Amino acid sequence: MEAQAGPEPLLNVRDLATTFKTEDGLVRAVNGLSFSVEAGTTLGIVGESGSGKSVTSLSIMRLIPQPPGKIERGQVLLRGEDLLKKSEAEMRKIRGRDIAMIFQDPMTSLNPVLTVGEQIAEATRLHLGYSKKDAFDKAVEMLKLVRIPAPEKRIKEYPHQFSGGMRQRVMIAMALSCDPAVLIADEPTTALDVTIQAQIIELMNEMQQRLGSAIVLITHDLGVVAETCKNVLVMYGGNMVEYGSADDIFNRPKMPYTMGLLESLPRLDSTGDRLIPIDGQPPNLLRMPPGCAFAPRCRYKMPVCDEPVPLYDFGGGHVARCVLYDEASSGQRTLDVESAPRTTLEAIS
């Protein structure tokens, strides 16, 4: 079942599957993922490390190294055109112009031997045909938009002369310089202090309002997701295990893994109780369980969990991959949703 964000999504990912060949066997990093994002909205993708979040973003951008990686099947539709059918030459024209990405670590993503002005100007000269002067004028304008002081001076400086937060602002300026329709932000606030994190998120929101872009936000920070995202996709072991509005995910979670993530969050209304961790370790993608990937760690595990698990529809676009809600399999709705642990949006944002 495909989780739809709206009737006419700007970005529509259907049954995406990406694998990697290793000496030990085949790793299914993304396994049949489907979602969509409308213009002017933000989709949050959350999950533990190794759940497939970053591989999803690289697959959409067609940046998976081949070999050892391979996009085995699926569609990535941008305004109805399948990016997976484009040639590499066509993708070079699309990346940066129609769909752009903010990478997790700006220090390794920026070229250390080119000034930040040259790197921002390169995108507009390549995609928009700007002259050298117009491209540098645009670079100054973008640095102003991302609130970097003295932009006329700083475009002549190199990445190492910027702080971590300022480098991330440069990355945002580069990504938005050609007014892309879709922006993918992969952990854009990692390793930044809380104040800078808030500034970066506020900046992305302002840019989205100005351009009407669709944003795919990949993050571990559920507080950021609660504050900024319209819809949330929860990944585990390369699969989508739950999808719905932010209100559904935070206030009416269905999947025990989602509940575990929420229970492990500090809350503003906490009475001093200790956080509840999720027992066990994330699955080894080389040796996945036969049924539900989360079953070995789940407190509600039943024998039927060792069989393949479909997505169950709870209405309003809210779906979850859990047999606890299959009356035919479990005999009853085993999990009392009303008494299940939950974390409200207000408590963490």
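Predicted model: local features only at pLDDT ≥ 70, side-chain atom pairs only at ≥ 80, totals over all residues.
Residues are numbered from 1 along each chain as its sequence is written. Local features need pLDDT of at least 70, side-chain atom pairs count only at pLDDT 80 or more, totals for chains, interfaces and linings use all residues, and side-chain values use heavy atoms, with hydrogens and water left out.

The protein chain comprises 13 helices and 12 strands. These are DSSP runs numbered from the N terminus (helices: H or I, at least four residues; strands: E, at least two). Of the 349 residues, 54% are buried (under 20% relative accessible area, 1.4 Å probe, protein chains only; exposed is over 50%, partly exposed in between). Contacts have heavy atoms within 4.5 Å. Among those between residues at least 6 apart in sequence, 66% join residues at least 24 apart. The chain exposes about 15,900 Å², with 50% supplied by carbon and sulfur atoms (Shrake-Rupley method, 1.4 Å probe).

Strands count as paired if DSSP finds at least two bridges between them. Strand 10 runs antiparallel to strand 9 (residues 231-236), with six bridges joining the two. Tyr236 has Asn239 as its bridge partner. Two residues lie between the strands of this hairpin, where Gly237 takes a positive phi near 60°. Strand 10 also pairs with strand 12 (residues 319-320), antiparallel, over two bridges.

Arg62 follows helix 1 and has a positive phi, near 60°.
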